[in-house]
Amino acid sequence: MAAPQMTVAIDDGGRHATAYVPSRAATLDLRGDTEQDLMTAVFAQAHAEARSSGQTITVAVSGGADTAPMRLEVDPDQTIRPAQEQAPEQEPGAPIRERSQRRPASGTPVVRIQTEGSEPTVPVRLPATDPPPARATVSAEHADGHDRTPPARPRRPVAGLAAPEIPPGTGEPARLGVRGRLNAMLGLRLAPKAQSPEMRLRAAESVITRTLPEFSVITVANPKGGVGKTPLAVAITQTLADLRGGSTVVCADLGEVGGSLAKRVAVRPSPGNDVPALLAAHPDPDVAIRPSVLSRHLTRQPSGDDIIAGRRGDATSVLKEDHAAHLAAMVAQHRDILVADTGNNPLSGSWQWAVRTADVVVVPVPLRWDAAEAAEEMITELASTATDVLQRTIVVITAGPGDAPMVEQDTVEALRDLGVPLVARMPFEPLFASGERLALPRLEPQTRAALTRLAEEVVKTITGP
C-alpha cells in the first residue's frame, strides 16, 4: 500500500507554504523568515505527522525559489530518505513500459542552494578584434641574480569570478543551503546539485590548494588611499590560509611608513613586532633565518595566517626596495606566499618592488571617480612598462555606500581597453567599511564566497588555468 502523502506548495518568495496533511484531510499554512526556515517548519510538521499516524509518509515539495521539487519519505522514528518512485499502474494486458528516470543516479532530491543572480560577477565585454598574442618573457635582473618574472600568460576573458563547470567533491554531502541544513539537522548525506554554487565553490577550493611552482608574491595596490587595500589584503590572506593550511601565508605591511594592517587584523601584534624589527634581528639576507626567529616577529591569526606590521616613526622606519626584497627572502624560506599590503606612494622603493616582483597584482577599485581614475593611471603606467605585469593584474570592483553606478561601466570599458585580463566584482562587506578587526567567520557568507572565487583566480594566475 502506498504511503500517505503530504504535499507542500511553496509560494510568497519562499516564506509561505501550503501543506496538505493526510491524517487531518486538511490544509495547513506554514511560514518562515527565509526559505530554509520554512523548510525546517515543513519537516517538523512531517515528523509530527509520521509519529501521530505511526507509519511512513511521503513528503512532496514544489514551487520554491531555492528548492527544486523533491520527494522524501519520513518514518515515525524521524528517519528521512529519498522516496522511491513507483511505476504507473498498467491496464490488464497492456505492455509494460519502462518508467523514465526522474532523479539523478544518486537518488537524492535536487535543491538549488542560491540563485545565480547572487553570485558576484561583472560582465567584461571583449574587444571586437582578437586579443594580441602573449608577449615573450622579459628577464628582470635582481640583486640575487634570480629572475622573478613569471612567464607571460595569454589574456583570459573571464566574466567575473568564474569557476570550472565540473568540480570535484561531487559525492560529499552538502554543507550549504537547504540541503546542507537538512543534512545537519537530520543526519542525511544529500549531495549538492551538480551545477550549484556550492559545487562551484568546491571547485575553487581545489584550485586554491594547488602546489605552487615557487614562492609567490601577491600585491594589493592602488595609489589612492581609502580604497580598501588593507581589508582586501587581510581577507585574501585569511582565505588562502584557511584553505591551504596554517604557516603557509604571510601578509606584510609594505607601506613606506607603515599603514593600518596591524589595526585591522583579529590578533594585533605586540609593540616592536614589525618589519623594521625583523630586518634588524636578521640583517644579512644571504644567511638562512631560523624558523623561531621568523616566527618571533610574526603574529599568528585565527585562520592560520601570519601578519607582520609596518611601523610609523622616524626616517629609519621608511621601507625601501632592498628592505622589501630582504623581507621577502626571509619569508620565502619558511612560507609559500607573501601578500603585500602597499602604501599610497607609487614612487617609493617598497611599492615599486611589490608591484614589479608580484606574481599577481590585485587592484581594489570602489565605484568612485577618484579611486577609478587612480587605478586607471596606475594600470596605464604598468601597461607602458617592459614587463608582463599587466597580464598578471586582477581588478576587483568593490561596492559600498555612496557608489556612483555610472563609474562601473566607464571603468570596466577603460580597463578592457587597457588589456586587463580579469575584472571581478565583490559584494558590499559592512565589516570592510567599518574599520573594525577582520576575521573570516565575521564576514557575510556572500563575501566569503566571493573571496574564495577571487583566491581561485589569484592561484590560477600563478599556476596557469
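Visitor: Which residues of the largest nonpolar core touch the most other members?
Guide: This is a predicted model. Its largest nonpolar core has 37 residues, and I218, L240, V339 and V362 touch the most other members.

Visitor: What is I218 in contact with, leaving aside its neighbours within four places in sequence?
Guide: The list is L240, I337, L338, V339, A340, V360, V362, V458 and I462.

Visitor: New topic, helices. How do the axes of α8 and α9 cross?
Guide: Helix α8 covers residues 321–332 and helix α9 covers residues 349–357. Their axes come within 6 Å and cross at roughly 50°, so the two helices are oblique to each other.

Visitor: Which residues make that contact?
Guide: From α8, they are E321, A324, A325 and A328; from α9, they are G349, S350, W353 and R356. By class, that is 4 nonpolar, 2 polar and 2 charged residues.

Visitor: Which residues of α8 are buried?
Guide: A324, H326, L327, A328, M330 and V331.

Visitor: And what covers them?
Guide: The cover includes the strands β9, β11 and β12, along with helices α6, α7 and α9.

Visitor: Now M378. Where is it, and is it buried or exposed?
Guide: M378 is in helix α10, residues 369–383. It counts as buried because its relative accessibility is 6%, and the cut-off for buried is under 20%.

Visitor: How many residues apart along the chain are M378 and N222?
Guide: They are 156 residues apart along the chain, while their C-alpha atoms are separated by 7.3 Å. Leaving aside neighbours within four places in sequence, M378 is in contact with N222, and also with A221, P223, W351 and V363.

Definitions and conventions:
Residues are numbered from 1 along each chain as its sequence is written. This is a predicted model: local features need pLDDT of at least 70, side-chain atom pairs count only at pLDDT 80 or more; totals for chains, interfaces and linings use all residues. Side-chain values use heavy atoms; hydrogens and water are left out. Axes are lines fitted to C-alpha atoms, for helices over the stretch in contact, and angles run from 0 to 180 degrees between N-to-C directions. Helices (H or I, at least four residues) and strands (E, at least two) are DSSP runs, numbered from the N terminus. Angles under 35 degrees count as roughly parallel, over 145 as roughly antiparallel, 65 to 115 as roughly perpendicular and the rest as oblique. Contact means heavy atoms within 4.5 Å. Ala, Val, Leu, Ile, Met, Phe, Trp, Tyr, Cys and Pro count as nonpolar, Asp, Glu, Lys and Arg as charged, and the others, Gly among them, as polar. A nonpolar core is a set of buried Ala, Val, Leu, Ile, Met, Phe, Trp, Tyr and Cys residues joined through side-chain atoms within 4.5 Å. Buried means under 20% relative accessible area, exposed over 50%, partly exposed in between (1.4 Å probe, protein chains only).
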